[in-house]
Amino acid sequence: MKTVAGPTDRVVVIGAGLSGLAAALYLRGAGREVTLVERADHPGGRVGVYRGPDYEIDNGATVLTLPELITDALAAVGRTPESLANPLRIIQLAPSYHARFADGSDIRVFADPDAMAEEVTRTCGPEEAARYRRLRDWLARIYRAEFGEFMDTNFDSPLDMVRHPAKRAALRDLVRLGGFGRLGPRVERFLTDRRLSRLFTFQALYAGVAPADALAVYGAIPHMDTSLGVYFPEGGMRAVAAAMAEAFTGAGGELLLNTEVVGIEYQDRRARRVRTAGGAALACDAVVLTADLGSIERFGGRNRRGLRAAPSAVVAHGTVPAEVAAAWPVQAHHTIDFGAAWASTFAEIAARPRRGGRTTAHGRLMSDPSLLLTRPALTDPGLFIDRADGRHEPFSLLAPCPNLASAPLDWEPLARPYLRELLAVLEARGYTGIARHFTVDHLDTPATWRARGMIAGTPFSLAHLFRQTGPFRPRNLPGFSDNVVIAGCGTTPGVGVPTALLSGKLAANRVTGVDSRARREPPVPAG
């Protein structure tokens, strides 16, 4: 593994999202002097917080898998979730999701194999339940082959896959399992019920690719979602960032909030100082940079040509009267409400490259929306809001949409009318009162993400095409400097909460020269 050359005693980490927090914890645990710099007034990045008039709500990711990666990061400085001044308590959701379909049917997703088999028997019949168990086994084998040598690892070159015996063995396993085929068709070889197939392939959206096009190695994502379980921390996802920040500062790390980095000073290919908007110059021996690929050039970096971004999303955050929401057809933390269209939805929101690598601006908004509804107070009643007119609950609505390279829409005049259309769709699907009673305090669109420096206006960063995955993804040890390391969803290993945590650890490994993988075997599901 290549590492940062020269001294690495003083490290500045730019950005206190999950990858920056993880990097800072591992670096501090390895004895480095670490300064973590964040432009917001709180840590978290894409798992931060929005503040309403009398409540707080998560501003980004709401799906947590592999919570043991949080425990690993805390352990780097000798802490546990329970030992913090504000203990981190993480709850497993059951069901992980509740899915509704256009034909009026619904299927709940359980991590427990017997509970899920019972649900599949109820909704799809006993023969499909047997097929589900075979699919579950295949997804687990894909995951086990992939985790240690594709996800929790640094690549210096694609040739690493053949140079190292463990990676060669993992590659052979993935080939034997059909991991380089296509996820959608592979899942449909196991399952005959199209509704059920959706529940094991929609996660390809996280990877920025349609299920019909996604590599089957991305079966690791539905395995994490559907077999290893979905979790939620008391107090919201933002509690994870707060816990990691507490552990970091408690171990002697320096956290600078409300501090925007405006540049890095280089000398002889080495970052020497990190400059802030307030005029400070932070001396450093190494830098971990978590800036999104859309803004990396302002720090002296450069992107590879022809990178393709994932689709984006419109996300509305606010509150709804608990009495209104209690009458909705589903009472679940996470509800996926599928439209009748499916393949066409991905065709609408995902750009296709022209020959020569140029992207056609042909994306459009979903004609038959599939939507994610999140109601965290159903898991954590402490999040309910008591007002003079009664009890309310925080509520978030996510609608996938094309990124700005695929569809360069003017979102300022479009955002509110589009949200009204989405709420009208939900009203028609039985969510009575949502159009009238959902009070929206924050509305994020691709324009929001672009203003934050995210490539093509998407919080999901680069699509996981073959040429942008594993050893072919932009490297975390870039060529423009000898002591800058990249972390975050644009680099190794990719997009998502667990991958962001891994990314920070892998970046720290580049600085310390230590392989801090907590286990060679990946976590396994109960049962």
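**Entry 1: Thr-276**

I began with Thr-276, which is buried because its relative accessible area is 8%; buried means under 20% relative accessible area, exposed over 50%, and partly exposed in between, with a 1.4 Å probe and protein chains only. I noted that the model is predicted, that local features need pLDDT of at least 70 and side-chain atom pairs pLDDT 80 or more, while totals for chains, interfaces and linings use all residues. I also noted that residues are numbered from 1 along each chain as its sequence is written, and that side-chain values use heavy atoms, with hydrogens and water left out.

I located Thr-276 in strand β11, residues 270-276. Helices (H or I, at least four residues) and strands (E, at least two) are DSSP runs, numbered from the N terminus. Which residues does Thr-276 touch, not counting residues up to four places away in sequence? I found Thr-259, Glu-260, Val-261, Val-262 and Leu-282, where contact means heavy atoms within 4.5 Å.

**Entry 2: The chain as a whole**

I counted 16 helices and 20 strands in the chain. I then looked up the radius of gyration, which is taken over C-alpha atoms; the globule rule is 2.2 Å times the number of residues to the power 0.38. For 527 residues, a compact globule would have a value near 24 Å, and the 22 Å of the chain agrees with this. Along the principal axes, the C-alpha atoms fill a box of roughly 65 × 60 × 50 Å.

I recorded that 61% of the 527 residues are buried. Of the contacts between residues at least 6 apart in sequence, 72% join residues at least 24 apart. The chain exposes about 20,300 Å², and carbon and sulfur atoms supply 50% of that area; accessible areas come from the Shrake-Rupley method with a 1.4 Å probe, and for residues only the protein chains shown count as cover.

I also looked up the charges. The mean positions of the 62 positive and 55 negative charges are 8 Å apart. Lys and Arg count as positive and Asp and Glu as negative, with His and the chain ends not counted; the place of a charge is NZ of Lys, CZ of Arg, CG of Asp or CD of Glu.

**Entry 3: The annotated domain**

I consulted the UniProt record, an unreviewed entry, which places the feature "domain: Amine oxidase" at residues 18-297 and 446-511. UniProt positions are given in the numbering used here, feature names are shortened, and annotations may be inferred rather than shown by experiment. Over residues 18-297, I noted 39% helix and 18% strand, with the end C-alpha atoms 21 Å apart. Over residues 446-511, I noted 32% helix and 5% strand, with the end C-alpha atoms 34 Å apart.

**Entry 4: Helices α1 and α2**

I examined helix α2, residues 68-75, where Leu-69, Ile-70, Asp-72, Ala-73 and Leu-74 are buried. The cover over these buried residues includes α1 (18-29), β5, α10 (238-250) and α16. In helix α1 I found Tyr-26, which counts as buried because its relative accessible area is 11%. Tyr-26 and Leu-74 are 48 residues apart in sequence, and their C-alpha atoms are 8.5 Å apart in space.

**Entry 5: Leu-215**

I found Leu-215 in the loop between α8 (194-199) and α9 (220-226). Is Leu-215 buried or exposed? Leu-215 is buried, since its relative accessible area is 6%. Its C-alpha atom is separated by 5.7 Å from that of Gly-181, 34 residues apart along the chain. Leaving aside neighbours within four places in sequence, the contacts of Leu-215 include Gly-179, Phe-180, Gly-181, Phe-466 and Thr-469.

**Entry 6: Backbone angles**

I reminded myself that most residues other than glycine have a negative phi, and most peptide bonds are trans. I therefore looked up departures from this pattern.

One joins Ala-94 and Pro-95, with omega about 10 degrees; Pro-95 is in the loop between β5 (90-92) and β6 (97-100). Another runs from Thr-492 to Pro-493, with omega near -5 degrees; Pro-493 is in the loop between β20 (484-486) and α16 (497-512).

I then turned to positive phi values. Asn-258 has a phi near 55 degrees and is in the loop between β9 (254-256) and β10 (261-267). Asn-258 counts as exposed because its relative accessibility is 57%. Ser-461 also has a phi near 55 degrees and is in the loop between α15 (446-451) and β20. Ser-461 counts as buried because its relative accessibility is 0%.
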